[in-house]
Structures are given as C-alpha cells and as structure tokens.
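Here is a short briefing on aromatic rings and their partners. Have the structure open as you read.

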Amino acid sequence: MKKTCVSCGGHISSLTREAVVRKWARHLSNQARYPVVYRLIAGISLCAECLEGLPVIGDLICQRCGREQGKDMSFDNLCHDCKIVQEETLVSNRSLLHYNDWGKNLLGLYKYRGDERLAAFYGALLAVTFFRYHDPSSFVCITTVPLHNKRLYERGFNQVDLLVAELSRAIGVPVRPLLQRTKETAKLSKQGGRTARQDSMREAFAWVGDKELSTLHNSCHQPYKILLVDDIFTTGSTLRSCASVLRAHLGALCEIYSLTIYR
C-alpha cells in the first residue's frame with residue numbers, strides 16, 4: 001500500500017525524499033544523535049516537497065521561550081517578551097516549527113476534525129525537537145497540559161495525550177498525568193492580548209499527584225527535570241500556569257522544561 005503525504009495527499013517516494021531527509025537530519029542533530037533523528041524524519045508522512053518546506057525554527061533563538069531571533073539578538077539571548085515576565089516558572093521552552101497558515105490548517109485537521117493519523121506525525125516531530133535540544137537521561141517524566149472535561153467531551157480525545165505516547169516511546173521517558181484542568185477557558189485565539197490570556201490561566205490547573213514522583217521529591221537533594229508538553233507556545237501563559245502548579249507541589253529542585261511543536 002502506497003503511503004500518502006498527510007499535508008498534500010500526494011504519493012511519498014522514498015527515493016525522491018532521501019536527500020531531504022539527510023539534510024534535515026544533519027541540521028537538527030549532532031553526530032551522536034544523527035541515526036535516531038534520521039530514522040524519525042524518514043518515518044514522517046510527508047512527501048519530498050512538503051518535507052523540504054517544513055517551517056523549521058532556526059538556530060538563533062531566545063534561550064527562554066525558543067522564539068527565533070535575528071542576528072541583532074540582545075546580549076542576554078532573551079526576547080523582549082521574556083525580559084518582562086515577572087515570575088518565570090519555566091527553565092525553557094523549545095519548539096520545532098513556526099506556527100504559520102500551513103501549521104494552523106494541519107493542526108486544526110488533527111485537533112478539531114479528529115484526524116488521529118496525525119498523532120504519529122506530530123509525535124515524531126516532537127521527538128525530533130526533543131533530540132535537537134535535550135538528553136533523555138536527564139528527565140524523570142513527561143507530563144501534559146490537560147483539557148477541561150467539557151472540551152475533552154467535545155473533541156472525543158486529548159490530542160496532546162496521543163502525541164506524548166509517541167514521544168515517550170521514541171525517547172524512553174515515562175508519561176505521568178500530574179495535572180487536571182479545573183477552569184474552563186476560551187480558546188486562546190479568542191482572548192484579547194497577553195494580559196487577558198494570563199488572567200484566564202490563573203488558577204486554571206490543579207495538582208493530581210503522583211506517589212512515585214512525590215517519593216522522589218522527598219528523597220532527592222539535587223535538581224531533577226520534568227518535560228511539560230503542549231502543541232503550541234503562543235504567549236506561554238498556559239505552560240507557565242501549569243509549571244507554577246508543578247513547582248508549588250514539587251518545590252524549587254524541580255525544573256520544568258516545556259516542549260511544543262509550534263512557536
């Protein structure tokens with residue numbers, strides 16, 4: 001059975017896309033990680049043309065939120081938005097792709113029209129993002145931004161849960177549900193401005209708890225890392241709100257790093 005591109009619907013030919021796969025694998029990995037990143041990119045369901053056109057974020061980024069910066073980036077490697085954050089709960093965010101019209105349409109097909117075949121596609125992109133920036137051995141678990149029960153009922157599935165299952169298999173780090181959403185909020189696209197988004201996310205999440213992680217917290221005397229995953233980093237309000245709850249229950253030794261597909 002011929003594989004088709006999840007983006008354009010065209011036939012995927014392994015011969016025509018080999019050079020593109022190698023190009024991205026070299027760009028997005030070091031020598032040690034090249035084999036695993038190559039396999040991940042080779043398995044992505046995109047034709048050569050769509051794979052070539054991936055809107056990948058460049059190497060010059062804000063070291064806090066992962067936004068791509070110009071060559072005139074400030075000396076502290078932080079963007080303007082990150083400089084004015086009053087209480088930073090994330091160590092850093094890293095993303096793979098710019099959130100352009102192509103990404104908006106494809107993600108909408110997954111989230112709102114239930115095209116679950118895109119879970120493997122996005123899971124592989126998350127894994128590539130992870131290997132680009134992180135070492136799997138340094139994280140104790142992955143957790144996600146939860147959906148409110150009403151939103152979960154409307155969609156029928158949590159899109160991020162499916163992605164992290166793929167991510168967990170690729171990087172060998174377990175998934176643990178640590179949070180629940182206690183406050184129904186409007187879609188971020190329908191909220192006006194950064195301040196409104198921050199206000200809407202205040203007290204929107206609560207700690208669920210994890211016995212094994214609590215034991216680690218009580219016995220650990222050095223920093224440990226948790227990977228917090230969502231699909232998009234826009235203003236960072238949602239991820240920072242989740243990280244705030246995690247830090248409140250796990251203390252200052254717990255370092256929260258977020259990972260998203262789009263920025």
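**Charges over rings**

Lys23 lies over the face of Trp24, 4.2 Å from the ring centre. A charge sits over a ring if NZ of Lys or CZ of Arg is within 6 Å of the ring centre and within 35 degrees of the ring normal. This is a predicted model, where local features need pLDDT of at least 70, side-chain atom pairs count only at pLDDT 80 or more, and totals for chains, interfaces and linings use all residues. Residues are numbered from 1 along each chain as its sequence is written, and side-chain values use heavy atoms, with hydrogens and water left out.

- Arg94 lies over the face of Tyr133, at 5.4 Å from the ring centre.

**Ring pairs**

- Rings of Phe, Tyr and Trp (its six-membered ring) pair if their centres lie within 6.5 Å; planes under 30 degrees apart count as stacked, over 60 as edge-to-face and the rest as tilted.
- The count comes to eight aromatic pairs.
- One of them is tilted: Tyr110 and Tyr122 sit 5.9 Å apart, centre to centre, with 45° between the planes.
- Tyr110 lies in helix H5 (residues 101–111) and Tyr122 in helix H6 (residues 118–133), so this pair ties together parts 12 residues apart in sequence.
- Helices (H or I, at least four residues) are DSSP runs, numbered from the N terminus.
- Phe130 and Phe131 form an edge-to-face pair, 5.9 Å centre to centre, with 80° between the planes.
- Ring pairs also link Tyr99, Tyr110, Phe121, Tyr122 and Tyr262 into a cluster.

**Burial**

- Tyr110 is buried at 0% relative accessibility (buried means under 20% relative accessible area, with a 1.4 Å probe and protein chains only).
- Tyr122 is buried, at 0%.
- Phe130 is buried at 0%, and Phe131 is buried at 8%.

Notes. Helix = DSSP H or I, 4+ residues; strand = E, 2+ residues; numbered from the N terminus. Buried < 20%, exposed > 50% of the residue type's maximum accessible area, 1.4 Å probe, protein only.
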